[in-house]
Amino acid sequence: MSWDAVSAVSEVVAAIAVVVSLVYISAQVRSGAESFKTTVRDSSFTSLMEYNYAILADEDLAWIFQKGMRNLDELSEPQQARALHVFYAFFKLWENIYLHYLAGSVDDSVWKNNSKVLFAYGAMPGAQSYLRERMAIFEPRFQQLLRGLEPRRTNSEESLKGIYEAGQP
């Protein structure tokens with residue numbers, strides 16, 4: 001066998017090795033991206049669950065959240081102050097999840113099933129009052145989503161009832 005033939009065979013073997021390496025790297029990148037997506041989604045929803053547990057652990061705070069969502073004006077001044085912070089955290093958590101959804105790290109089905117809670121609470125009169133005064137603190141794409149909640153105001157209580165009766169989160 002001549003050196004030219006050996007050189008040609010080694011170039012073919014090297015080219016095959018490069019292709020195999022690229023396929024392997026591509027698979028690893030996809031796997032890493034999927035793992036990252038899962039981590040982001042899990043982290044976002046873990047934060048939401050921790051928020052829910054904090055509300056559940058404090059009976060007064062749970063009452064302030066529920067009452068404030070219906071009508072902030074029916075709360076005392078100190079309760080309104082607490083409600084504003086609770087609402088801020090609620091909407092910022094959902095903003096984070098929504099931005100991850102837009103970035104593709106939260107699947108459509110996960111967003112559609114879980115966002116029903118945001119849509120139901122966000123359309124309530126107390127939440128709408130809060131959002132009218134503080135819309136500018138949210139990212140523009142999330143503001144656009146929140147503005148779409150306004151027409152649902154009259155159905156928000158029924159929306160919540162339907163979500164929880166159906167056993168959805």
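This is a dialogue about how terms are applied to a predicted model.

Student: What makes up the secondary structure of the protein?

Tutor: It comes to seven helices and zero strands. Read along the sequence, the pattern is α-α-α-α-α-α-α.

Student: How many residues count as buried?

Tutor: The protein has 169 residues, and 32% of them count as buried.

Student: Why is Phe 65 called buried?

Tutor: Buried means under 20% relative accessible area. Phe 65 has 6%, so Phe 65 is buried. Its place is in helix H2, residues 59-70.

Student: Which residues does Phe 65 touch, leaving out those up to four places away in sequence?

Tutor: They are Tyr 51, Val 86, Phe 87, Phe 90 and Tyr 121. A contact needs heavy atoms within 4.5 Å. Take Phe 90: Phe 65 and Phe 90 are 25 residues apart in sequence, and their C-alpha atoms are 9.8 Å apart.

Student: What share of the contacts joins residues 24 or more positions apart?

Tutor: The share is 66%, counted among contacts with a separation of 6 or more.

Student: How do you know that the length of H3 agrees with its number of residues?

Tutor: Helix H3 covers residues 77-103, which is 27 residues. The expected span is 1.5 Å times one less than the number of residues. That gives 39 Å for H3, and the end C-alpha atoms are 39 Å apart, so the two agree.

Student: Which residues of H3 are buried?

Tutor: Among them are Val 86, Phe 87 and Phe 90. Those three also touch Phe 65. Others include Trp 94, Glu 95 and Tyr 98.

Student: What makes Lys 92 and Glu 95 a salt bridge?

Tutor: A side-chain nitrogen of Lys or Arg must lie within 4 Å of a carboxyl oxygen of Asp or Glu. For Lys 92 and Glu 95, the N to O distance is 2.8 Å, and the side chains meet in a salt bridge. Both residues lie in helix H3, three residues apart, about one turn of the helix. An α-helix has 3.6 residues a turn, so residues three or four places apart point the same way.

Student: Are Lys 92 and Glu 95 buried or partly exposed?

Tutor: Lys 92 has 23% relative accessibility, so Lys 92 counts as partly exposed. Glu 95 has 6%, so Glu 95 is buried. The cut-off for buried is under 20%.

Student: How many salt bridges does the structure hold?

Tutor: It holds four. One of them joins Lys 67 and Glu 74, with the closest N and O atoms 2.9 Å apart. Lys 67 is partly exposed at 27%. Glu 74 is partly exposed at 48%.

Student: How do you know that Arg 141 and Glu 139 form a salt bridge?

Tutor: The limit is 4 Å. The closest N and O atoms of Arg 141 and Glu 139 are 3.0 Å apart, and the pair forms a salt bridge. Arg 141 has 43% relative accessibility and counts as partly exposed. Glu 139 is partly exposed too, at 23%.

Student: How do you know that the length of H4 agrees with its number of residues?

Tutor: Helix H4 covers residues 108-122, and its 15 residues should span 21 Å. The end C-alpha atoms are 20 Å apart, which agrees. H4 also has a kink of about 35°, centred on Ser 115. Ser 115 is one of the buried residues of H4, which also include Trp 111 and Tyr 121.

Student: Why is Ala 123 called buried?

Tutor: Its relative accessible area is 0%, so Ala 123 is buried. The cut-off is under 20%. Ala 123 lies in the loop between H4 and helix H5 (125-134). Its C-alpha atom is 8.9 Å from that of Met 69, although the two are 54 residues apart along the chain.

Student: What do Met 49, Tyr 53 and Leu 56 form?

Tutor: They form a nonpolar patch on the surface, with about 350 Å² of accessible area together. Each residue of a patch needs over 30% relative accessible area. Met 49, at 38%, passes that cut-off.

Technical notes:
Residues are numbered from 1 along each chain as its sequence is written. This is a predicted model: local features need pLDDT of at least 70, side-chain atom pairs count only at pLDDT 80 or more; totals for chains, interfaces and linings use all residues. Side-chain values use heavy atoms; hydrogens and water are left out. Patches are made of residues with over 30% relative accessible area and no salt bridge: like charges are joined within 9 Å, nonpolar side chains (Val, Leu, Ile, Met, Phe, Trp, Tyr) within 5 Å. Accessible areas come from the Shrake-Rupley method with a 1.4 Å probe; for residues, only the protein chains shown count as cover. Buried means under 20% relative accessible area, exposed over 50%, partly exposed in between (1.4 Å probe, protein chains only). Helices (H or I, at least four residues) and strands (E, at least two) are DSSP runs, numbered from the N terminus. The bend at a residue is the angle between axes fitted to the seven residues ending there and the seven starting there.
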